[in-house]
Amino acid sequence: MDSVGPDSEQLLSGLEDSAGDAAVLRMRLGSQLRRLREAAGITPEEAGSRIRGSRSKISRLENGRVKLKNRDVTDLLTLYGVTDEALRSKFLTLVTRSNGPDWWAEYGDILPAGFESYLGLEAAAATIRSFEVQFVHGLFQTADYARAVTALMRRAAADEIQRWVSLYLRRQELLSRPDPPHVWSVMDEAVLRRPAGGAAVMRAQFRHLIEVAELPHVTLQVIPFASGAHAAGSGSFTVLRFEERDLPDVVYLEQLTNAVYLEQRPYVERYLEVVDEISSEALTPDETTLFIEQVARET
Amino acid sequence: MTTDEAPTAGEGAAGQSKRPPFDTSVANQARIYDYLLGGKDNYEADRAAVDAVLKIAPELGFTARENRAFLGRAVRYLAAEAGIRQFLDIGTGIPTAGNTHQVAQEVAPEARVVYVDYDPVVLAHARALLKSNKAGATQYIDADLRDTGTILDQAGRLLDFTKPVAVTLLMILHVIPDSDDPHALVARLMDALPPGSYLALSHLGAELLDREKAEGFQGVVRRQAQQQYIGRTREEIDRFFDGMDLIEPGVVRVEEWRPDHEAEAKSALWCAVGRKPQEGSHEVL
């Protein structure tokens, strides 16, 4: 296991030209702060108390969950023995950039809080694995399907629904980014069988699924009714994984009234186990395409 | 839980599958390797076993990385210098950077690669991540190395067995006990392929870990792992290439095979690449 020591030359390399969202930059900076702290042999408690907070404040900050404050970062860099003025000022410039508005800020009026942080995680993820029991994954929904589902789920007025749909389409630009995440979604057959918006909408949605499945960074699998009951008794969930070695995987659970994020390793591993198991039981990606074509003919 | 207690299909019957059940409470070969290479597709039991092993024999971390580097050099040699366009990669493992088809297709975009593994979770990952470019092709076979009939039958539909094929068996033969006759398995595979085909393998070396470390390693594996590992001698490695011509530099440690960088330590793996000669024409190394 290589330990990644804080080499001041390398420390911020790649971050300055990372084009991504503010949220992505925030996670990367948090991750750098964790490396600096560990290299300095300082506990999260010590670091937390230096910035007038707790262990969990440090953990939120290092996992990129909260915006970084210049004052906190200045104090932490001092505590971690980073004295090089040029490096400190570069770090603080990036902190300012990481506090810039995210693209979804303009949807602030309709976004539930839990979903807002999900969008940040999704943008930062290297791998997104999901299990879907009822709806097609948001990254793969057509506008009409998204409209039908939103009308159903969000109890929104017509103009609000339109904003939700445009938010979904904006979010899908992730898939055509130069360095897109690998999105691997396993769907229960029920997702295909339960018509949202009617047969025509579903048929268009099926065509879209077959198209996105062709993308090198997209994997779709269906677990058919015929394969019996499966391990995912929990319902839909998403596991987000990040490139950085020290950023933990996150499980995202969307519920009717709020969203739950799991980060503790034993919990996360339980979900990984389930998603590994269903992926190996589900139809292969090639079989999935044939299966969707078959369902489309029957719809 | 030891392997002995794990329910395995076809236990004891040579030539049949001994597929490991999906069980995250014991360390699993593919996930151990993933963790050693810095991957995240592993579970608590895998990490515990690896951490215990690394305390006893720290060079095993280096060994895993050098095996991966050997894969890159060997496949590049086979595609670029030997002109091979068809690969049969048995014991694929969890995908990471520099997988066989990526290395081969970098040299020859039209290269076709068939991946074989007996671990259903590994196969799910392989199908999701080992996607070919447009010019070439990748396919996946769900089979145990002991089931050479299934492997050859299915690979024969994807690859053209009238043209040379390179078989790669990296860090897999050492989980096949003598009772399953690994030498005969390799011979059966190579017999089905035409002259000019290649075999590349890497294998835990019996002489490459000192006794104390080997015992410590085997102890951890026996208690905590799904697969057991058998080190074999240089001479036994050599015998996998009976009737073939070894490519320079012959049987060496993985880091010594046509190296492109200075090795920082010594690994515990033998490796070699050999070529099946034209009928009656043997080159001597």
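Tutor: A salt bridge is a side-chain nitrogen of Lys or Arg within 4 Å of a carboxyl oxygen of Asp or Glu. This is a predicted model, where local features need pLDDT of at least 70, side-chain atom pairs count only at pLDDT 80 or more, and totals for chains, interfaces and linings use all residues. Residues are numbered from 1 along each chain as its sequence is written, and side-chain values use heavy atoms, with hydrogens and water left out.

Student: How far apart are the closest N and O atoms of Arg265(A) and Glu269(A)?
Tutor: Both residues lie in helix H12 (residues 265–281) of chain A, 4 residues apart, about one turn of the helix. Helices (H or I, at least four residues) and strands (E, at least two) are DSSP runs, numbered from the N terminus. Arg265(A) and Glu269(A) form a salt bridge, and their closest N and O atoms are apart by 3.9 Å.

Student: Is Glu269(A) buried or exposed?
Tutor: Buried means under 20% relative accessible area, exposed over 50%, partly exposed in between (1.4 Å probe, protein chains only). Glu269(A) has a relative accessible area of 10%, so this residue is buried.

Student: Which residue forms a salt bridge with Arg28(A)?
Tutor: The closest N and O atoms of this pair are 2.6 Å apart. The pair links distant parts of the chain, 216 residues apart: Arg28(A) is in helix H2 (residues 22–39), and its partner is in the loop between strand E4 (237–241) and strand E5 (250–254). Arg28(A) is partly exposed at 23%.

Student: Where does Arg193(A), the partner of Glu298(A), lie?
Tutor: Glu298(A) and Arg193(A) form a salt bridge, with closest N and O atoms 2.9 Å apart. Glu298(A) is partly exposed at 47%, and Arg193(A) is partly exposed at 35%. Glu298(A) sits in helix H13 (residues 285–298), 105 residues away from Arg193(A), which lies in helix H10 (residues 189–193).

Student: How many salt bridges does the structure hold over all chains?
Tutor: Some residues are linked in a network of salt bridges: Arg52(A), Lys57(A), Asp72(A) and Asp75(A). Over all chains, the number of salt bridges is 34.

How values were computed:
Chains are lettered from A and ligands numbered from 1 in the order in which they are written.
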